[in-house]
Amino acid sequence: MMVSRGAEAAKSPTRPADQEITVPIASDLDIVTARQWGRTLAVRLGYSPTEATLIATAISELARNIVLYAKRGEIWLSVQNGSGRPGVVVVARDDGPGIADVPQAIAGGHSTSGGLGLGLSGVRRLMDEFEIISEPRKGTTVTIKRWKR
Amino acid sequence: MKVSILKQRDYLIASIQAALTDEDLKHLRDALVTQVGEYRSRGVIIDVTALDVMDSFAVRTLRDLAHMTRLRGAETVIVGIQPEVAFAMTQLGVRLEGVTAALDLEGGLAHLDHQTKPSARRAISNPGRRA
């Protein structure tokens, strides 16, 4: 099953290095591409299927926020070393409208309610580290990390 | 083909074969809501075994689909949610809320049989009563 899933990642984004992938995000198809690259990277680093799924799900949420609120942006995937264990770092960047009230977006963005909430609180629960920088009219950058268990 | 929909008895069975985009999911929702009427289906099974991610959009769309088919007289059962997907959904905080899930196709069919044919079951188990 893992093999067939990997094979679905057909579209090849730019890959400056083996452990660094940039996926441009502008459509719902790019959301799928980004999360499949996230899974591929996690599996390559030896993450468990469950951890890889958590990372792929978080990427999916962030990529969709880009499409919904900023129209376009990018997802940058990389690997970081944190005291002897690797971590997957996901940076979701856009030049969109930004978030006026960041604390409220994190606290109140219930993903259960569907599309209206940003789902940031959910993304935060999927990962070990979560950081957001947003400025109205300038854009949003969300950085999330998950260390290998 | 990313999703195959086949008709079996009173049911429609939608098997997802590959990762779905948001548009694919909306298309699946609309197709099933229409076909429930065309085939006068009493139940719908959606096999999501092949989905390796069910994020908030996927869950919301499947939930909407289930509610919409219910309004058209058909029960929907989601089958085949993988263990790691169930874990991620729970961590993310998305809920299927009021939508039935079953382990696999067999479980889904058993549930629909139970839901949609109570009179038939009574007739079989109690043939004398109906005379």
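Two strands count as paired if DSSP finds at least two bridges between them. In this predicted model, strand 4 and strand 5 (residues 100-102) of chain B meet that test, with 3 bridges in the parallel sense. B:Val77 stands opposite B:Thr100 in strand 5 of chain B.

Strand 1 (residues 3-8) and strand 2 (residues 11-16) of chain B are antiparallel, joined by 6 bridges. B:Ser4 has B:Ser15 as its bridge partner in strand 2 of chain B. The two strands form a hairpin with 2 residues between them. In that turn, B:Arg9 has a positive phi of about 50°.

Next comes the pairing of strand 2 with strand 3 of chain B. It is parallel and rests on 5 bridges. B:Leu12 stands opposite B:Val44 in strand 3 of chain B.

B:Ile46 stands opposite B:Ile78 in strand 4 of chain B.

How many residues of strand 4 of chain B are buried? Of the 5 residues in this strand (residues 75-79), 4 are buried, so the strand is largely enclosed by the rest of the structure.

| Strands of chain B | Sense | Bridges |
|---|---|---|
| Strand 1 and strand 2 | antiparallel | 6 bridges |
| Strand 2 and strand 3 | parallel | 5 bridges |
| Strand 4 and strand 5 | parallel | 3 bridges |

A UniProt record, an unreviewed entry, lists residues 1-112 of chain B as "domain: STAS". Over residues 1-112 the chain is 46% helix and 22% strand. The end C-alpha atoms of that stretch are 26 Å apart.

B:Arg29 lies in helix 1 (residues 22-38) of chain B. It has 19 C-beta neighbours inside 10 Å, so it counts as partly exposed. Leaving aside neighbours within four places in sequence, B:Arg29 is in contact with B:Thr61, B:Asp64 and B:Leu65. B:Arg29 and B:Gly108 are 79 residues apart in sequence, and their C-alpha atoms are 18 Å apart in space.

Most residues other than glycine have a negative phi.

B:Arg40 has a positive phi of about 50° although it is not a glycine. It lies in the loop between helix 1 and strand 3 of chain B. With 10 other C-beta atoms within 10 Å, B:Arg40 is exposed.

B:Glu97 is not a glycine either, yet its phi is positive, about 35°. Its place is in the loop between helix 3 and strand 5 of chain B. Is B:Glu97 buried or exposed? B:Glu97 is exposed, because 11 other C-beta atoms lie within 10 Å.

## Chain A

Chain A has 5 helices and 6 strands. From the N terminus on, the elements run α-β-β-α-α-β-β-α-α-β-β. Chain A has 149 residues, and 39% of them are buried. Among contacts in chain A with a separation of 6 or more, 58% come from residues 24 or more positions apart.

Helix 3 of chain A has 22 residues and spans 31 Å from its first C-alpha to its last. That is close to the 32 Å expected at 1.5 Å a residue. The helix is mostly covered, with 17 of its 22 residues buried. A:Lys71 follows helix 3 of chain A and has a positive phi, near 75°.

## Where the chains meet

The contact takes 26 residues from chain A and 20 residues from chain B. On the side of chain A that touches chain B, helix 2 (28-44), helix 3 (49-70) and helix 5 (120-126) of chain A each supply at least two residues. Which helix of chain A gives the most to this side? Helix 3 of chain A does, with 9 residues. The residues on this side of chain A divide into 6 nonpolar, 12 polar and 8 charged.

Technical notes: Residues numbered from 1 in each chain as written. Chains lettered and ligands numbered in written order. Predicted model: local features only at pLDDT ≥ 70, side-chain atom pairs only at ≥ 80, totals over all residues. Buried ≥ 20, exposed ≤ 12 C-beta atoms within 10 Å, placed from the backbone. Contact = placed C-beta atoms within 7 Å. UniProt positions renumbered as here; feature names shortened; annotations may be inferred. Nonpolar A, V, L, I, M, F, W, Y, C, P; charged D, E, K, R; others polar. Expected span 1.5 Å × (residues − 1).
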